[in-house]
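Please examine the sequence and the model before reading on.

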Amino acid sequence: MNPVLFFESIPISIPRKEIYRRLGFMKGITQISPSQQEEIEQYIHDAQSFISLKGVGLRVPIQEIKGSQIILAEDILFESHQLAVLLDTCRELVLMGATAGSDIMAAVGEDIAGRNVTRGVVFDATVSEMVDASLGWIMDYFNRTLLRENRKMLKNRFSAGYGDFLLDNQKTIYRLLQLDRLGIQITESCILIPEKSVTAVTGIM
């Protein structure tokens with residue numbers, strides 16, 4: 001098994017286009033006044049002071065794909081027909097995880113509860129897109145290292161709970177990525193805490 005790589009700080013640009021899309025704005029269709037945009041931009045800026053992006057990644061050899069079973073090193077097993085199809089041409093996969101920390105979720109909770117609902121909604125959209133962008137950053141990191149091997153990662157990634165890749169797989173991913181070291185907890189129902197914590201898997205061609 002390869003060593004787990006921890007990223008204590010993930011530097012990404014603010015994904016403004018994605019944030020506005022999550023907020024329901026459609027370019028050329030949704031009208032927004034200068035004062036509304038100024039307010040949103042201020043909230044996006046404010047959100048950054050609460051967000052602490054951290055991540056982790058791990059390369060794992062694929063021993064065999066048999067039907068819907070993906071058999072990994074050390075007898076680790078994932079079962080998903082859709083994931084098996086995605087990884088069909090791969091010899092390795094990458095497990096990755098990212099979190100925005102607990103401070104931002106506390107701020108979102110307070111705002112949504114009534115302090116400033118609009119700010120809470122913008123905060124939530126901002127942190128959601130920034131965590132997703134963090135997974136993209138981790139993929140870019142691995143792709144840069146894979147250049148030396150003349151290999152690259154698949155563009156698509158798959159998360160536990162999506163399609164037939166059951167959420168129960170989150171337990172294995174949590175253990176392998178040592179997500180507790182990032183301050184992430186997992187509930188009995190396989191939900192990650194803080195809320196804006198995500199994991200994904202993709203393949204290496």
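## The largest pocket

On a 1 Å grid over the protein atoms alone, a pocket is an open set of points where a 1.4 Å probe fits, with protein on both sides within 12 Å along at least five of seven lines; lining residues have an atom within 4 Å of a point. The model is predicted, so local features need pLDDT of at least 70, side-chain atom pairs count only at pLDDT 80 or more, and totals for chains, interfaces and linings use all residues. Residues are numbered from 1 along each chain as its sequence is written, and side-chain values use heavy atoms, without hydrogens and water.

Lining the largest pocket are Lys-17, Tyr-20, Arg-21, Phe-25, Met-26, Lys-27, Thr-30, Ile-32 and Gln-37.

## Salt bridges

A salt bridge is a side-chain nitrogen of Lys or Arg within 4 Å of a carboxyl oxygen of Asp or Glu. By this rule, there are 13 salt bridges. In one of them, Arg-151 pairs with Glu-92, their closest N and O atoms being 2.8 Å apart. Both residues are buried, a term for under 20% relative accessible area, whereas exposed means over 50% and partly exposed in between (1.4 Å probe, protein chains only).

Arg-119 forms a salt bridge with Asp-111, with 2.7 Å between the closest N and O atoms. Arg-119 is buried because its relative accessible area is 14%, and Asp-111 is buried because its value is 0%.

Asp-124 forms a salt bridge with Lys-196, the closest N and O atoms being 3.3 Å apart. Asp-124 is partly exposed, at 25% relative accessible area, whereas Lys-196 is buried, at 13%.
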